[in-house]
Number of protein chains: 2
Amino acid sequence: MTAPSIILSRPQLGENIGAAARAMANFGLDDLRLVAPRDGWPNEKANHMAVGAAFVNEKARVYQTLEEALGDLNLVYATTARDRGTTKEVLTPEEAAKRLRKAAARGEKTGILFGNERAGLDNDEISLTDAVIMVPTSEFTSLNLGQTVLVTAYEWLRAGDCTPPARIEHGPYHRKPTREEMFGLFDHLERELAESGFLYPPAKYDTMVRAIRATVHRAKLTYQEVQTLRGMIVALVKNKHRVRK
Amino acid sequence: MTAPSIILSRPQLGENIGAAARAMANFGLDDLRLVAPRDGWPNEKANHMAVGAAFVNEKARVYQTLEEALGDLNLVYATTARDRGTTKEVLTPEEAAKRLRKAAARGEKTGILFGNERAGLDNDEISLTDAVIMVPTSEFTSLNLGQTVLVTAYEWLRAGDCTPPARIEHGPYHRKPTREEMFGLFDHLERELAESGFLYPPAKYDTMVRAIRATVHRAKLTYQEVQTLRGMIVALVKNKHRVRK
């Protein structure tokens, strides 16, 4: 699936172009289009800021007009920081990313348009696009160009991302223990606690044991950690006997 | 609901601290904690980079050790760029934000910990936290400190954000037309098209009319746009008669 092109209209500072390139590369975008960049192109400051993402700058293309830069695209969204009082549809970055993915899956060429650092996009520029993206913010709204590219590019990747929301890394030593191994830990721990007099008075024995087991379960131990805990119990008990001798 | 504290461990460049502050302010976070900032604090470059978010820098607190900086918090996540081979739980920024919101709703104090620009967090630092956040990226992974703060802060706001995914701005002139107003537009357009000979041959009349109505509906016109379109029809028809005279 082809990721959206990023079109920067009349960008000023090379640093900001470089920050945009770096944001793009992190999230799998690599087609950067520059409309009349103020300080010319290529730009050394842009490469310095892009760090390892200079390959995005290297293949960037420069256009004299916005119409040329958008010409081959099928679906283009414009980013703005404020409501414009027009009747264009306004999308969250998340919704925009979903629609861009669907369009790309149909084989359409897509793009996201960003205005320059000083003034953003004007209404003429916005009128060439399908809809508007606004990043939701707190009352304080002052995202710069690189930050806005970052949020939209991040949402593009996230819309197609299969990373599980939460996971535990499982190496060879990190497999889940079997029930039998858990029961072995419980037996060992409860036997030593009983011998030490911790599980007292007898009337509370069952309640205490259940509470300890709940604590242990909540930790979602790996096999390796079960072994380590048993080693700790052995060590603590040994030490106690040594002190008492 | 109290937003998470942002804790920067041994940050180096003031520019990056300022970028973090600006990212925070945009998404409603304002408690910045600095552990042993290399170039001291306050830092002029940080304020320059924060632009309007300098208020975050002004109330930032400096700590000598990470333990002190985290001391009063109940839930802390650490951000890392790579798997660490530990058995800590690894969360996406989205999942982390949801859990932080739930904890904050219970009255817990939360925080997100970031390592320094050069080396990130070490395993000792990570061991003081509840779980790890990894930002999903493409194969190219090189988010800087400010960018990582931006993504996690953005997800915090998004997790509690009620912005509709897609909306049309509705001013007083932007109300939806009534059916009657839409039918008026159809009648007007179809009458003029019929008179001009466009709806030809008669066998295709109904099909053509239905196709035109579908096009018009898909545009989701406002009342104002319906009026404008009728004006355009009047103007086009008038012009034609004038030319023919």
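Analyst: Contact means heavy atoms within 4.5 Å. This is a predicted model, where local features need pLDDT of at least 70, side-chain atom pairs count only at pLDDT 80 or more, and totals for chains, interfaces and linings use all residues, while side-chain values use heavy atoms, with hydrogens and water left out. Residues count from 1 along each chain as its sequence is written, and chains are lettered from A and ligands numbered from 1 in the order in which they are written.

User: Which residues make helix 5 of chain A meet helix 7 of chain A?

Analyst: From helix 5 of chain A there are Pro93(A), Glu94(A), Ala97(A), Lys98(A), Leu100(A), Arg101(A) and Ala104(A). Facing them in helix 7 of chain A are Val151(A), Glu155(A), Trp156(A), Leu157(A), Arg158(A) and Ala159(A). The helices and strands are DSSP runs numbered from the N terminus (H or I, at least four residues, for a helix; E, at least two, for a strand). By class the contact has 8 nonpolar, no polar and 5 charged residues, where Ala, Val, Leu, Ile, Met, Phe, Trp, Tyr, Cys and Pro count as nonpolar, Asp, Glu, Lys and Arg as charged, and the others, Gly among them, as polar.

User: Why is that pair called oblique?

Analyst: Angles under 35 degrees count as roughly parallel, over 145 as roughly antiparallel, 65 to 115 as roughly perpendicular and the rest as oblique. The axes (lines fitted to C-alpha atoms, for helices over the stretch in contact, with angles from 0 to 180 degrees between N-to-C directions) cross at roughly 55° and come within 8 Å. So helix 5 and helix 7 of chain A are oblique to each other.

User: What hand does that crossing have?

Analyst: Right-handed. A crossing is left-handed if the near helix is turned anticlockwise from the far one by less than a right angle, and right-handed if clockwise.

User: What makes helix 8 of chain A and helix 9 of chain A oblique?

Analyst: Helix 8 (residues 179–196) and helix 9 (residues 205–218) of chain A pack at about 135°, with axes 11 Å apart. That angle belongs to the rest, so the pair is oblique. The crossing is right-handed, and the residues involved include Leu185(A), Phe186(A) and Leu189(A) on helix 8 and Val209(A) and Ile212(A) on helix 9. The class count is 10 nonpolar, 1 polar and 3 charged.

User: And how are helix 1 and helix 7 of chain B oriented?

Analyst: Helix 1 (residues 14–26) and helix 7 (residues 145–159) of chain B pack at about 10°, axes 8 Å apart. That makes them roughly parallel. Their crossing is right-handed. Among the residues that meet are Ala19(B), Ala20(B) and Ala23(B) in helix 1 and Val149(B), Leu150(B) and Ala153(B) in helix 7, and the contact has 9 nonpolar, 3 polar and no charged residues.

User: What relates chain B to chain A?

Analyst: A rotation of 180° with 0.0 Å of shift along its axis superposes chain B on chain A, RMSD 0.1 Å. That is the relation of a two-fold axis. Also, 100% of the contact residues of chain B recur in chain A, so the same surface serves both copies.

Conventions: Least-squares fit on C-alpha atoms with pLDDT ≥ 70 in both.
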